[in-house]
Amino acid sequence: TETYEDEVTLDDIAGLVLIASYIRQDVGCGLVDFSEMDLPAAMIYCDLDGVLNQDNWEKGLPLLPQNDTLLLPIFGGNHGHFGSYDDSLRRTIFGQNDGNATIPETLQHDMAVMGIMSVASRAGVPLPSKSQKSEKSRSKKGKKSKKSSSKSEKK
């Protein structure tokens, strides 16, 4: 096995967000168990998701942090809206039928972002605020007016 000098360990993880997915110990994730970790987490899923394997999803629940996991159902959303992709061949290739979403894709994205922001906030990650956005906007306007005034002074 290869080792890396900058290898990431579970101690390096500040938070965990699973979007239309789950932890599987039999493939990919290996023997990962976050249940006893003090780690903010969110599991974001949709009620009309016809792709997500419900049995595997339920098997993954006990592997999440038991005291700090937000389960965020998005009612009216489906699997395809998370990725914004054309899933018309999914049935032909994989034999999967996604549900027909009854909410706009943008609303599903906004709700997923709220779940991500919840984890980031609980992990202590600084989040942008409206005042920061206003300050950036004002500084850009200030730079533009300085440029235009210096151009008019040169004339």
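What share of the 155 residues in the protein chain is made up of buried residues? The figure is 28%, where buried means under 20% relative accessible area, exposed over 50% and partly exposed in between, with a 1.4 Å probe and protein chains only.

Some ground rules. This is a predicted model, where local features need pLDDT of at least 70 and side-chain atom pairs count only at pLDDT 80 or more, while totals for chains, interfaces and linings use all residues. Residues are numbered from 1 along each chain as its sequence is written, and side-chain values use heavy atoms, leaving out hydrogens and water.

The overall fold, then. The protein chain has five helices and three strands, in the order β-β-α-β-α-α-α-α from the N terminus. These are DSSP runs numbered from the N terminus: helices are H or I with at least four residues, strands are E with at least two. Of the contacts (heavy atoms within 4.5 Å) with a separation of 6 or more, 77% join residues 24 or more positions apart.

Now the loop between strand E1 (16-19) and strand E2 (41-46), where Glu36 is found. Ser35 has its place in that loop too. Is Ser35 buried or exposed? Ser35 is buried, because its relative accessible area is 12%. Glu36, at 74% relative accessibility, counts as exposed.

Leaving aside residues up to four places away in sequence, Ser35 touches Pro62, Leu63, Leu64, Pro65 and Gln66. As for Glu36, its C-alpha atom is separated by 9.9 Å from that of Pro62, 26 residues apart along the chain.
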